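I opened the model to look up how its parts pack together. My notes follow the display.

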Amino acid sequence: TPGAITYQINSYGFRSDEFVNNDSSMIALGCSFTLGTGLPVDKIWPTLVGKALDLQVCNLAWGGNSADTCFRLAEYWIPALNPKLVCMLTPPATRVELLLDGTSWSKSEVFLPESKSAFFSPTDTYLKHWFINDENARLNSIKNKLAIQKICEQFNIPFIVYDSINEMSKSREEIGYARDYMHAGPVGHRILADKIIRDYCGR
């Protein structure tokens, strides 16, 4: 249908072209804001940044991701793809990921404060205290950002990071709406892309 929003998923399960291992690519990390829920792929910030910098985009975002998920993906894909740039729009800090078996590519569960997961109950002391104390979420987000930054430093790759709570939770009159009326629209993505481009070019 003309004007329809499509989600083209590559062989690794991401809304992205097939990944290439070269220094003419960029990695984008994040959640549904970076995936571009409710928007055409050419309107989302990773595509806008990639086009402006002439870099192929490897978008590793998926809806509901946590900062833990971003680190887990970064640990594998940064060495594997050797990108020229890594950008991250942090998911909400209150999300925490738990792997459900012994491998880093296992099934995982991302917990939110309002989680209805079968793994989460009021008698779960660890998760109860994790969510009651907001400082846990703040520290967890910082730790993951610093860990990804360290990986990038090891490979001499610039790392640019912004927080979704600051960039995509502004007034909808300011950043517009996606089709689902829950996520930021094209204006918000353009504003963020311009910031990232300025940061990268100003290095």
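In which sense, left-handed or right-handed, does α2 pass α8? I looked this up and found a right-handed crossing. A crossing counts as left-handed if the near helix is turned anticlockwise from the far one by less than a right angle, and as right-handed if clockwise.

**Ground rules.** This is a predicted model, where local features need pLDDT of at least 70, side-chain atom pairs count only at pLDDT 80 or more, and totals for chains, interfaces and linings use all residues. Residues are numbered from 1 along each chain as its sequence is written, and side-chain values use heavy atoms, with hydrogens and water left out. Helices (H or I, at least four residues) and strands (E, at least two) are DSSP runs numbered from the N terminus.

**Helix pair.** I read an angle of about 40° between α2 and α8, with their axes 8 Å apart. That makes α2 oblique to α8, since angles under 35 degrees count as roughly parallel, over 145 as roughly antiparallel, 65 to 115 as roughly perpendicular and the rest as oblique. Axes are lines fitted to C-alpha atoms, for helices over the stretch in contact, and angles run from 0 to 180 degrees between N-to-C directions. On the α2 side, W45, L48, V49, A52 and L53 make the contact (heavy atoms within 4.5 Å). The α8 side includes H189, A193, I196 and Y200.

**Core.** I then listed the largest nonpolar core, which has 23 residues. Such a core is a set of buried Ala, Val, Leu, Ile, Met, Phe, Trp, Tyr and Cys residues joined through side-chain atoms within 4.5 Å. Buried means under 20% relative accessible area, exposed over 50%, partly exposed in between (1.4 Å probe, protein chains only). The residues with the most contacts inside this core are M26, W45, V49, L85 and I196. The largest share, five residues, comes from α8. Leaving out residues up to four places away in sequence, V49 touches M26, L85, A193, I196 and I197.

**Sheet.** I traced an open sheet of four strands in the order β2-β1-β3-β6, with parallel pairing. Two strands pair if DSSP finds at least two bridges between them. The edge strands are β2 and β6, and the twist averages 20° from one strand to the next. Four bridges join β1 to β3, and A28 stands opposite C87 in β3.

**N65.** I found N65 in the loop between β2 (56-59) and α3 (67-81). N65 is buried, with a relative accessible area of 8%.
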